Amino acid sequence: MNAVTTPAKLHDCRDAFVSVLERMAADNSKIVAVCNDSVGSSKLGGFKAKWPERLVNVGIAEQNMVGVGAGLANGGLLPFVCGASCFLTGRSLEQVKADIAYSNANVKLVGISSGMAYGELGPTHHSIEDFAWMRVLPNLPVIAPCDSIETAAAVEWAAQYEGPVFLRLSRVGVPDLLPPGHIFVPGKANLLRDGDAITLIANGTLTHRMMKAAAILAAQGIEARVLNMATVRPIDVEAVIAAASDTGAILTAEEHSTFGGLGSAIAEVVVAEAPVPMKILGVPGIFAPTGSAEFLLDEFGMSPDAIATAAQALIARKTGRA
Amino acid sequence: MQPNDLERIARQIRLRDLQAVYDAGAGHIGGEMSAIDILTALYFQVLRIWPEQPKHPDRDRFILSKGHVALALYVTLAKRGFLPEDEISTFLKPHSRLNGHPNCNKVPGVETNTGPLGHGLPVAVGIAKAAKLTGAGYHTYVLTGDGEMQEGSNWEAISSAAQFGLDNLTLIIDHNRFQQGAALKDTNDLAPFASKLQAFGWDVTEIDGNAMSEIIPALQHRTTRPHCIVAHTNKGHGISFMQDTVDWHHKVPNAEQYKIALAELSEVL
């Protein structure tokens, strides 16, 4: 079985990001990193030590940072624009729209410390709106890897993809879930565990919690399907329809507002293509109270136990026992 | 090309711009007329460009940050051979690639999509910085409106251009003294621009932005710092009743006004 029975080693996905970035930059002189004074929080210290001239630090000026990224791409370079996701997406939203997405600039936007990674710092530093803000923009794939393996694979994919990309990374440690050598395919969910009672869909820091919830359900004789859906746009329509028709209920969880994120993207497909009972777990449209990311995820009903309970309620609804 | 030739081309561009605004029933004619001499000087004298190869890596870059005067750019690009001249008649029509703000993925010669103000200069800083990193020899020019300089993103970019030592970047401020609803001085008066740019470490030249003899040398000026040209222009330049009035930001001439404007622009062709 896939059940996680012993505490797995946790990885900070930023390490996987910079490791791949530096490996690619060694072979590709067009790769540059752009940041807003965020050398430390983006873990770009190693990159800076190796290629100081290729680290373009614009200072604390996110609108300029994104515009400069678009300009560097126009000049033939391959920029990875890195900053805390709350500022990169919120402060620069119009630049992301006009300079990057609408202009179809070959710029990789890397939102660091997304979700509630800056938990105790409060809602100004939470980035639980970024899926919603980014996924309405045409031309812009929106990707939230679930572990260090998927992060590395997604960064490699982004570098060779001709066009804008938004990568949403966390700093909160997560266990590896995908097999070594995993190849990232945009818009394709990964089946982590199969079952027919319900489908649990998540990405980023929530996927491993879904796996733990599935193990709890399995102990009660309930087999849940678990999908890791890193790509929020384009959403994997085929996998969502299959989940609805094969399991008859879908539960989503995300480190994001319940408005406009992964769950919403899935609901758009479910409602139109395959209506089944569904529930969206996330931050329920409020500014979060003080607490660490892990505390807040538990607080908002996304502990493995609470997810399992929500799944049982949804299964009861589908079978008419609620 | 002699200044007289460039002035003649600028008048032809003004005339075509006027006709297109009248036909479309929309446009930003005041700011188009103020900027057309600068656009003409760039595209017919200064820029190193190849219309048949609009993405040539060595091309000089020009960004129209005041994207609402897109029509003036379209007419100039068409006259320079980037797109068919008869396509101007599609301006603002359904499915035309010539909408109210330029699209780099549809219109050859456009470098980045502008429209919201305060976007062109940061992108230009990135383009100029890329040349510094790759050793490319192109020069980057960007044209903003004076009201547009109220956008804070411009000042982020101005500061970083100086920090990066971008001597391959020229900012032209179309200082026609009017924004959409009022005079700059009655809204949020940033003038004088020169001292502010100098304080940020830029080299500044002030010119009559509707005089070809002053525009060309200013655009060709090279220094060790980023260069700003404060181009003192007249909104509606070339059409007597439009000049220096806030009304003509995006007003469309009626039939009688159109006739007068046509006559004024035609008599000097």
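Student: Which residues of helix 2 of chain B meet helix 3 of chain B?
Tutor: Glu32(B), Ile36(B), Leu39(B), Tyr43(B) and Phe44(B) meet Ala70(B), Leu71(B), Ala72(B), Leu73(B), Thr76(B), Leu77(B), Lys79(B) and Arg80(B) in helix 3. Contact means heavy atoms within 4.5 Å; helices are DSSP H or I runs of at least four residues, numbered from the N terminus. This is a predicted model: local features need pLDDT of at least 70, side-chain atom pairs 80 or more, while totals for chains, interfaces and linings use all residues. Side-chain values use heavy atoms, without hydrogens or water, residues count from 1 along each chain, and chains are lettered from A and ligands numbered from 1 as written.

Student: What's the packing angle?
Tutor: About 30°, with the axes 10 Å apart. So the two helices are roughly parallel (under 35 degrees).

Student: Pockets now. Which residues lie nearest the centre of the largest pocket?
Tutor: Ala73(A), Asn74(A), Gly76(A), Asn106(A) and Glu162(A), out of 29 lining residues. A pocket is an open set of 1 Å grid points fitting a 1.4 Å probe, with protein on both sides within 12 Å along at least five of seven lines; lining means an atom within 4 Å.

Student: Which helix gives the largest share?
Tutor: Helix 3 of chain A, with 3 residues.

Note on methods: Axes fitted to C-alpha atoms, helices over the stretch in contact; angles between N-to-C directions. Parallel < 35°, antiparallel > 145°, perpendicular 65-115°, else oblique.
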